[in-house]
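Here's a quick tour for anyone about to look at this chain on screen.

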Amino acid sequence: MPIFVSHCEDSRNQIRNEGNKIIKDLWQNRWNDSKNERRTKNLIDKVNVDRLYGDFCINPILTTHGVFREHQARFFNKTSLCSCGQETGSVLHVITECEIWTSYRKNWPSGWQLMGLKDLTNNTDIRISLRGLLHELLIKELDLLSSFSETNVSRH
Ligand SMILES: [Zn+2]
C-alpha cells in the first residue's frame, strides 16, 4: 500500500498547492479591486464633502483640491500632467492658461489676467463660467477614472 499512500500524498499536496494558488489569486484580485474602489471612493467622497460645504465648484479652486490633477497626483498616484499635455494640471494652469478651456474665458472682463484666484472667483460673470468649467473637468476626470478601473478589472 505504500505506493497508494504516496500517490494520495502527492494528490493532496497538488490539491493543496492548487488551492493555495487559487486563494492567493483571489486575495490579489480582491486587493486590487479594493484599491480601485478606495480610489474612486476617495474622489467621490471628496466631491460630496465639497458639495456639503457650500459652493462645491468654486471651493476646490480656493482650496486647490478637488479635481485638479496636481492634487490627484499627490493623493491618488496619478499623473500630474494636464490633459492638454503642456503643463502640470494646477488650479492656476487650468483656470487661466490651459487651451482646453479657452472658450470659458472668452467673455471674461478685460484685465482678468491681472486678477488673483480669489478675485476671479469673486467676480459674478467669471464665477458662472468657472462653474461650467469645473463641472466639465469633473466629468472628464471621473470618466478617466472609471475607464482606468475597468481596464484593471478586465485584466484579471
Ligand atoms: Zn492644460
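This is a predicted model: local features need pLDDT of at least 70, side-chain atom pairs count only at pLDDT 80 or more; totals for chains, interfaces and linings use all residues.

The chain averages a pLDDT of 71, with 53% of its residues at 70 or more. Confidence is lowest in helix α1 and highest in helix α5.

| Helix | Residues | Mean pLDDT |
|---|---|---|
| α1 | residues 2-52 | 50 |
| α5 | residues 102-105 | 96 |

**Overall layout**

What is the chain built from? Of the 156 residues, 15% count as buried. Among contacts with a separation of 6 or more, 44% are between residues 24 or more positions apart.

**The core**

Which residues have the most contacts inside the largest nonpolar core? They are V94, I95, W101, L130, L133, L134 and L137, in a core of 15 residues. Two elements, α4 (91-97) and α7 (124-155), each give two or more residues to this core. The largest share comes from α7, with 5 residues. W101 is a handy one to click on: leaving aside residues up to four places away in sequence, W101 touches V94 and L133.

**Helix α3**

Now move to α3, residues 69-76, where R69, H71 and Q72 are buried. Looking down the axis of α3, the buried residues fall within an arc of 150 degrees, so they line one face of the helix. As background, an α-helix has 3.6 residues a turn, so residues three or four places apart point the same way. Just after α3 comes N77, with a positive phi of about 55 degrees.

**A stop at H135**

Back in helix α7 you'll find H135. Is H135 buried or partly exposed? H135 is partly exposed, because 13 other C-beta atoms lie within 10 Å, while a residue needs 20 or more to count as buried and 12 or fewer to count as exposed. H135 also pairs up with a residue from elsewhere in the sequence: V67 is 68 residues away along the chain, yet the C-alpha to C-alpha distance is 9.6 Å.

Note on methods
Residues are numbered from 1 along each chain as its sequence is written. A nonpolar core is a set of buried Ala, Val, Leu, Ile, Met, Phe, Trp, Tyr and Cys residues joined through C-beta atoms within 7 Å. Helices (H or I, at least four residues) and strands (E, at least two) are DSSP runs, numbered from the N terminus. Two residues are in contact if their C-beta atoms, placed from the backbone, lie within 7 Å. The arc is that of the directions from the helix axis to the C-beta atoms. pLDDT is the predictor's confidence in each residue, from 0 to 100.
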